[in-house]
Amino acid sequence: MFLWGSLSFGADFNKDIRPLLEANCISCHGATKQASGVRLDSAAAFQQAGPAAVLDVVESGAMPPNGPKLDAANLKAWVSADAPWPAGVVLGTNSKKKDDLALAEEIAKRIQLSGKFEAYKKTIPGTTISYEMAAIPGGEFSMGTAGRKDEEPVRRVRVQPFWMMAHEVTWDEYRLFMFSKQAGEVLGADGAIDAISRPTRPYVEMSFGMGITSFPAISMTQHAANKYAEWLSAKTGEFYRLPTEAEWEYACKAGTSGEPANLAEVAWFGDNANGKYQKVASKKANPFGLFDMLGNVMEWTLDQYGPYPAAAGVVDSPWVQATKPYPHAVRGGSWNDPPEGCRCSARVPSDASWKQQDPQLPKSIWYLTDAQWLGFRLVRPVKVPSAAEMYKYWNNGVEREY
Ligand code: HEC
């Protein structure tokens with residue numbers, strides 16, 4: 001009877017206690033503020049405040065001041081089980097996730113200067129998951145297509161050297177970002193990682209049954225892709241961001257003047273993909289060693305979508321920064337597209353209709369549940385930018401308006 005009781009009514013720190021304290025107490029009793037000298041954000045501090053005293057103020061409704069009156073049942077069960085607090089865990093509040101310039105500066109400090117400019121493989125620290133980077137030499141190319149409305153005027157564009165992920169970011173990689181536990185992360189161990197905002201739990205299974213292992217991640221907002229880049233930079237000490245439209249098209253063309261002779265050799269698209277995405281890198285790579293630039297899933301770029309401006313001479317490293325949430329430029333076509341959509345110069349504007357239309361569900365800044373053909377890959381420019389520039393790449397500034 002006793003044993004049964006303690007099992008049934010025991011409360012789990014991570015599931016029950018931590019959310020209660022973080023949502024209701026830590027803003028006044030944590031790192032930034034210590035009302036009445038009381039801290040409740042670590043095991044030692046909690047013991048010092050006194051578990052019984054904490055339970056008392058919650059049960060009586062004295063804390064938080066001015067309500068709400070909290071249900072103290074879980075706290076009571078946990079305190080009577082001697083308040084087991086997992087080693088090293090330090091509580092924070094959501095307001096710590098500021099995505100501000102200070103955070104970019106913190107991450108910038110750990111960014112290494114670029115090493116040898118060649119292809120390499122990277123394992124995400126603390127995990128067994130890896131990805132490959134292709135070295136893309138800088139150069140000039142003709143961006144756009146004459147005679148196509150959205151792709152004119154054709155301009156000469158120069159891009160600087162960068163590495164690019166050889167394949168689209170897979171679920172194996174992206175889920176480490178969605179679920180910090182899978183990445184072996186412990187709150188309190190790395191302040192910068194803790195401060196980066198992360199996707200909320202999705203309402204639906206995000207692969208939509210199309211497969212996880214080695215399949216491309218899909219249906220994320222551009223904001224989510226940007227935050228992934230920030231997170232990966234903090235994890236690896238290498239600076240990552242989304243490619244600009246120009247970089248993306250340059251990498252896709254890979255020194256060729258146009259489109260592949262045989263699309264089916266290099267791309268999963270409407271005619272051969274069986275109505276779903278396919279494992280990354282299962283078709284032939286382009287001359288730069290990049291897989292699935294065309295087809296499989298469309299890919300986010302950094303740029304706001306708009307008409308190309310006319311330009312005399314060579315345009316260096318163009319990037320159209322966003323001033324509104326829609327549209328952003330998306331590239332490469334997908335498993336859902338006819339050959340016409342799977343061209344290196346083809347552009348697609350992102351659209352509000354890509355967001356779950358179900359009025360029951362709150363709109364999320366993380367998921368575009370109706371864009372099951374949209375993913376991304378990242379680049380790593382050889383020239384490491386300043387922290388202020390990193391901040392601009394990682395924060396499009398319009399994510400809250402989605
Ligand atoms: C808005 C700020 C604020 C929040 C939120 C808050 N507290 Fe407090 N807390 C205070 C202040 C101010 C005091 C100082 C004493 C008082 O007003 O009673 C205090 C005092 C305490 C004390 C010491 C009580 C004593 O005997 O002096 C404890 C324990 C405590 N809080 C626990 C909590 C817990 C647990 C939560 C969350 C459920 C919480 N507090 C939320 C502001 C806050």
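Here is a short walk through the structure, from its domains to its cores and strands.

What you're looking at is a predicted model, where local features need pLDDT of at least 70, side-chain atom pairs count only at pLDDT 80 or more, and totals for chains, interfaces and linings use all residues. Residues are numbered from 1 along each chain as its sequence is written.

Let's start with the domains. The domain assignment (bounds like these come from an automatic or database assignment) gives domain 1 as 5–80 and domain 2 as 101–394. Their C-alpha centres sit 42 Å apart.

Now for the cores. In soluble globular proteins, nonpolar side chains tend to be buried together. A nonpolar core here is a set of buried Ala, Val, Leu, Ile, Met, Phe, Trp, Tyr and Cys residues joined through C-beta atoms within 7 Å. Buried means that 20 or more other C-beta atoms lie within 10 Å of a residue's own, with C-beta atoms placed from the backbone. The largest core has 77 residues, and M164, Y228 and A251 touch the most other members. Helix α9 (residues 222–236) gives the most to this core, with seven residues. Helices are DSSP runs of H or I, at least four residues, and strands are runs of E, at least two, numbered from the N terminus. Apart from this core lies another one of 13 residues, including I17, C25, V54 and V79.

Finally, find strand β8 (residues 328–331). H328 and V330 on one side and A329 and R331 on the other are all buried, so both faces are covered. Strands pair if DSSP finds at least two bridges between them. β8 runs antiparallel to β6 (residues 298–304), joined by three bridges, and W300 stands opposite V330. β8 also pairs in the antiparallel sense with β9 (residues 347–349), over three bridges, where A329 has P349 as its bridge partner.

Technical notes. A residue is buried if 20 or more other C-beta atoms lie within 10 Å of its own, exposed if 12 or fewer, and partly exposed in between; C-beta atoms are placed from the backbone.
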